[in-house]
Amino acid sequence: MRGPNYWSIRRHKLIVMVLDLEEMEALPSNKIEGFSERLKTMFPSMYSHRCSEGCEGGFFMRVDEGTWMGHIIEHIALEIQTLAGMDTGFGRTRGYGEEGVYNVVFSYMEESVGRYAAKAAVKICEALIAGETYDLTEDIQGKVKCPQRGQSTKNGQRHRKHDGQGIGKTFELCRKDQVN
Ligand SMILES: [Zn+2]
């Protein structure tokens, strides 16, 4: 979204991702062994995310109590943009109207980077769930170069391979200039 929208009066540059959690709907963060620790180890700087608690460490409190993967993907997408030197900070995750399906909304400075961050955040979250190691450097540096078509195609293919076994079967990015 590039203009006034349903999600925010002030924030006009927003990625809106429709995410189907599928079986992960039944598994909030507190139900996945070691998830919270792995997230904190990978993103210690997320301590600064206040989230709805309104204080530092607020987001980590939500993760410890149990929150759903769409919300976590929103925060990862914001954080990897911050780590890449782009100051973003607006995010919302709300039910889409079908069970297990969410609108994940977050701000960007560069649209191509925001779109990349959406896909990367899903992959990172899948790795955190599975307890697999994940090298963030590629995403943080790769995003800067991301507009190149070849690279985004490659990522797209890699993402499709995950379909049916991870999050995001009905993963789509909305780039319309629609005013909701
Ligand atoms: Zn939050």
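# Close-up views of the predicted chain

**View A. Surroundings of S107.** With 24 C-beta neighbours inside 10 Å, S107 counts as buried. A residue is called buried if 20 or more other C-beta atoms lie within 10 Å of its own, exposed if 12 or fewer do, and partly exposed in between, with C-beta atoms placed from the backbone. The model is predicted, so local features need pLDDT of at least 70 and side-chain atom pairs count only at pLDDT 80 or more, while totals for chains, interfaces and linings use all residues. Residues are numbered from 1 along each chain as its sequence is written. S107 sits in strand β3. Leaving out residues up to four places away in sequence, S107 touches R11, K13, L14, T88, G89 and F90. Two residues are in contact, or touch, if their C-beta atoms, placed from the backbone, lie within 7 Å.

**View B. The whole chain, for orientation.** The chain has six helices and four strands. Helices (H or I, at least four residues) and strands (E, at least two) are DSSP runs, numbered from the N terminus. Along the sequence they follow the pattern β-α-α-α-β-β-α-α-α-β. Of the 180 residues in the chain, 36% are buried. Among contacts between residues at least 6 apart in sequence, 67% join residues at least 24 apart.

**View C. Strand β3 and its two partners.** β1 and β3 pair in the antiparallel sense over seven bridges. Two strands count as paired if DSSP finds at least two bridges between them. In this pair, L19 stands opposite Y102 of β3. β1 is mostly covered, with five of its seven residues buried. Strand β2, residues 91-95, also runs antiparallel to β3 and is joined to it by five bridges. Here the bridge partner of R94 is N103 in β3. The hairpin of β2 and β3 has five residues between the strands, and G97 in this hairpin takes a positive phi near 115°.

**View D. The largest nonpolar core.** This core has 40 residues, and those with the most contacts inside it are I73, I76, A77, A117, A121 and C125. The elements that give two or more residues to the core are β1 (14-20), α1 (35-42), α2 (58-65), α3 (69-83), β3 (101-107) and α4 (111-130). The largest share, 11 residues, comes from α4. A nonpolar core is a set of buried Ala, Val, Leu, Ile, Met, Phe, Trp, Tyr and Cys residues joined through C-beta atoms within 7 Å. What does I73 contact, leaving aside its neighbours within four places in sequence? The contacts of I73 are L19, V104, A121, V122 and C125.

**View E. Helices α3 and α4.** At 1.5 Å a residue, the 15 residues of α3 should span 21 Å, and its end C-alpha atoms are 20 Å apart, which agrees. The expected span of a helix is 1.5 Å times one less than its number of residues. α4, with 20 residues, reaches 29 Å from its first C-alpha to its last, close to the 28 Å expected. Both helices are mostly covered: 13 of the 15 residues of α3 are buried, as are 16 of the 20 residues of α4. α3 is followed by G85, whose phi is positive, near 90°. Just after α4, G131 has a positive phi of about 75°.

**View F. Two loop residues with positive phi.** Most residues other than glycine have a negative phi. E22 is not a glycine, but its phi is positive, about 50°. E22 is in the loop between β1 and α1, and counts as partly exposed because it has 17 C-beta neighbours inside 10 Å. C51, also not a glycine, has a positive phi of about 55°. C51 lies in the loop between α1 and α2, and with 19 C-beta neighbours inside 10 Å it counts as partly exposed.

View G. The average pLDDT of the chain is 83, and 78% of the residues score at least 70. pLDDT is the predictor's confidence in each residue, from 0 to 100. Over residues 146-165 it stays under 50, and the model has 13 contacts beyond four places in sequence for this stretch. Over residues 174-180 the pLDDT is below 50, with eight contacts in the model beyond near neighbours in sequence. Where pLDDT is low, the predicted coordinates should not be read in detail.
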